[in-house]
Amino acid sequence: MTQQAAALQTYNNELVKCIEDLCSKREELNRQIKQEEEEKERLQHDIRILSEKLSRVNESLAQRLAARATFDRTIAETEAAYTKILESSQSLLSVLKQEAGNLSKATEPRRKDH
């Protein structure tokens, strides 16, 4: 019977050792789980903050793009109007020169033909 008792004691010791090893591994796993849960919370917080920043940047960008489009349209309209003014000025100058030439001819003394 002592042999059986010794074997039973050995099995008991091994069983206790296995249970202790499993408990130790479980504790390590719990520590890792807690670390990852904390990291997850930090990342979710960072994502919320970055999402808010992204939203603000998108709003600002949309406003700036709209303002740039307004500038582009105003510049294009102004350049077109300026081009028309230049063309009108050229036409006016041409007409004025022609009329000045006509007036000069009209005011010159006439030559008498012999």
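I began with Ser-51, which I logged as partly exposed because its relative accessibility is 40%; here buried means under 20% relative accessible area, exposed over 50%, and partly exposed in between, with a 1.4 Å probe and protein chains only. Ser-51 lies in helix 1, and from Ser-51 to Leu-96 I noted 45 residues in sequence and 66 Å in space, C-alpha to C-alpha.

Before going on I recorded that this is a predicted model, in which local features need pLDDT of at least 70 and side-chain atom pairs count only at pLDDT 80 or more, while totals for chains, interfaces and linings use all residues. Residues are numbered from 1 along each chain as its sequence is written, and side-chain values use heavy atoms, with hydrogens and water left out.

Overall form: I found 1 helix and 0 strands in the protein, where helices (H or I, at least four residues) and strands (E, at least two) are DSSP runs numbered from the N terminus. The C-alpha trace spans about 170 × 25 × 10 Å along its principal axes. The radius of gyration is 48 Å, whereas a compact globule of 114 residues would have one near 13 Å; the value is taken over C-alpha atoms, and the globule rule is 2.2 Å times the number of residues to the power 0.38. Buried residues make up 0% of the 114 residues.

Salt bridges: I counted 3 in the structure, each being a side-chain nitrogen of Lys or Arg within 4 Å of a carboxyl oxygen of Asp or Glu. Lys-17 meets Asp-21 at 3.2 Å, N to O, and because these two residues are 4 apart in helix 1, about one helical turn separates them. Arg-31 pairs with Glu-28, with 2.4 Å between the closest N and O atoms, and Glu-39 pairs with Arg-42 at 2.6 Å by the closest N and O atoms. Glu-39 and Arg-42 are both in helix 1, 3 residues apart, about one turn of the helix.

Charged patch: I noted that Glu-36, Glu-37, Glu-38 and Glu-41 form a negative surface patch. Such patches are made of residues with over 30% relative accessible area and no salt bridge, like charges being joined within 9 Å and nonpolar side chains (Val, Leu, Ile, Met, Phe, Trp, Tyr) within 5 Å.

Key:
Accessible areas come from the Shrake-Rupley method with a 1.4 Å probe; for residues, only the protein chains shown count as cover. Lys and Arg count as positive and Asp and Glu as negative; His and the chain ends are not counted. The place of a charge is taken as NZ of Lys, CZ of Arg, CG of Asp or CD of Glu.
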